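This report describes one protein structure, beginning with a charged side-chain pair and going on to strands, surface and overall composition. The sequence and the model are shown here.

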Amino acid sequence: MEKAGTQFISLEPVETKPYTIETKSNSSSTPDPSLDPKDPNRVWVGTGDKNAGGCAGYLGKGLFLSTDGGAQWQSKNGSGASALPLDIINSVAISPTNSAVMGVGGFGRCDSNGVLTDGGVYRSTDGGTSWSRVFSGLVEDVVFAQDGTTVYASAPATGILKSTNAGASFSPSN
């Protein structure tokens, strides 16, 4: 996967697969894939571009998972009260000790007034089927430490956040 703004990934519905990933040139919207540390065939991709002007920029379609190394994709945004409401996902982190525990950080979704809302860190304990927000605000990155219980997140307005309970809650670390 090439970077530096020469390709991006778009997820388009097709008849034979839930989603397909297609690269196109002349865009800076290439999300970084995240591999499941226990199964490299499980590839996660968060969509949206934080650098494209907020609600005026490239809004994604949420979070996607491939269980076959990228051949087929399925949406993992949940539904109802446990949905992942992010149009701009900046980071996907998977616990190195329990692949069902994940953290996703992003800038949010665009409301009817064109304002980003619902940004933060969202956590799943069931492999992306359901989500709960554990921190509110704009979030750039989420990273699990090797122990699987310590998680760090960076939030531009807050600084570095730290969790010592596998991402169930966060506190400023600085």
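## Salt bridges around D118

In this predicted model, the side chains of D118 and R133 form a salt bridge with an N to O distance of 3.9 Å; the term covers a side-chain nitrogen of Lys or Arg within 4 Å of a carboxyl oxygen of Asp or Glu. The pair connects distant parts of the chain: D118 sits in the loop between β9 (116-117) and β10 (120-124), R133 in strand β11 (residues 132-136), and the two are 15 residues apart. Strands (E, at least two residues) and helices (H or I, at least four residues) are DSSP runs numbered from the N terminus.

D118 also forms a salt bridge with R109, where the closest N and O atoms are 2.7 Å apart. D118 is partly exposed at a relative accessible area of 23%, R109 is partly exposed at 32%, and R133 is partly exposed at 36%. On this scale buried means under 20% relative accessible area, exposed means over 50%, and partly exposed lies in between (1.4 Å probe, protein chains only).

## Basis of the values

Residues are numbered from 1 along each chain as its sequence is written, and side-chain values use heavy atoms, with hydrogens and water left out. Since the model is predicted, local features need pLDDT of at least 70 and side-chain atom pairs count only at pLDDT 80 or more, whereas totals for chains, interfaces and linings use all residues.

The whole structure holds three salt bridges. One of them joins R42 to D36, with the closest N and O atoms 3.2 Å apart. D36 counts as buried, at 4% relative accessibility.

S34 lies in strand β3 (residues 34-36) and is buried at 13% relative accessibility. Leaving aside residues up to four places away in sequence, S34 touches R42, V43, W44, V92 and I94, a contact being heavy atoms within 4.5 Å. The S34 side chain reaches the backbone oxygen of V92 at 2.9 Å.

## Strands β7 and β8

Strand β7 (residues 88-94) has six of its seven residues buried, so this strand is largely enclosed by the rest of the structure. β7 pairs with strand β8 (residues 102-110) in the antiparallel sense over six bridges; two strands count as paired if DSSP finds at least two bridges between them. Within this pairing, I89 stands opposite G106 in β8.

## The sheet β12-β13-β14-β15

Four strands make an open sheet in the order β12-β13-β14-β15, with antiparallel pairing. β12 and β15 are at the edges with a single partner strand each, so one side of each has no neighbour in the sheet.

Going through the sheet in order, β12 and β13 pair in the antiparallel sense over four bridges, and V142 stands opposite A153 in β13. Strand β13 (residues 151-155) pairs with strand β14 (residues 159-163) over five bridges, again antiparallel, and Y152 stands opposite K162 in β14. β13 and β14 form a hairpin with three residues between them. β14 pairs with strand β15 (residues 171-172) over two bridges in the antiparallel sense, where L161 stands opposite P172 in β15.

## A nonpolar patch

V143, Y152 and I160 make a nonpolar surface patch of about 250 Å². Patches consist of residues with over 30% relative accessible area and no salt bridge; like charges are joined within 9 Å and nonpolar side chains (Val, Leu, Ile, Met, Phe, Trp, Tyr) within 5 Å. V143 is in strand β12 (residues 141-144) and is partly exposed, with a relative accessible area of 47%.

## The chain overall

The protein chain has zero helices and 15 strands. Of its 174 residues, 42% count as buried. Among contacts between residues at least 6 apart in sequence, 40% join residues at least 24 apart.

The accessible surface of the protein chain comes to about 8,300 Å², and 48% of that surface belongs to carbon and sulfur atoms. Accessible areas come from the Shrake-Rupley method with a 1.4 Å probe; for residues, only the protein chains shown count as cover.

Definitions and conventions
A polar contact is a pair of N or O atoms within 3.5 Å; within protein, one must be able to donate a hydrogen and the other to accept it, and residues adjacent in sequence count only if both atoms are side-chain atoms.
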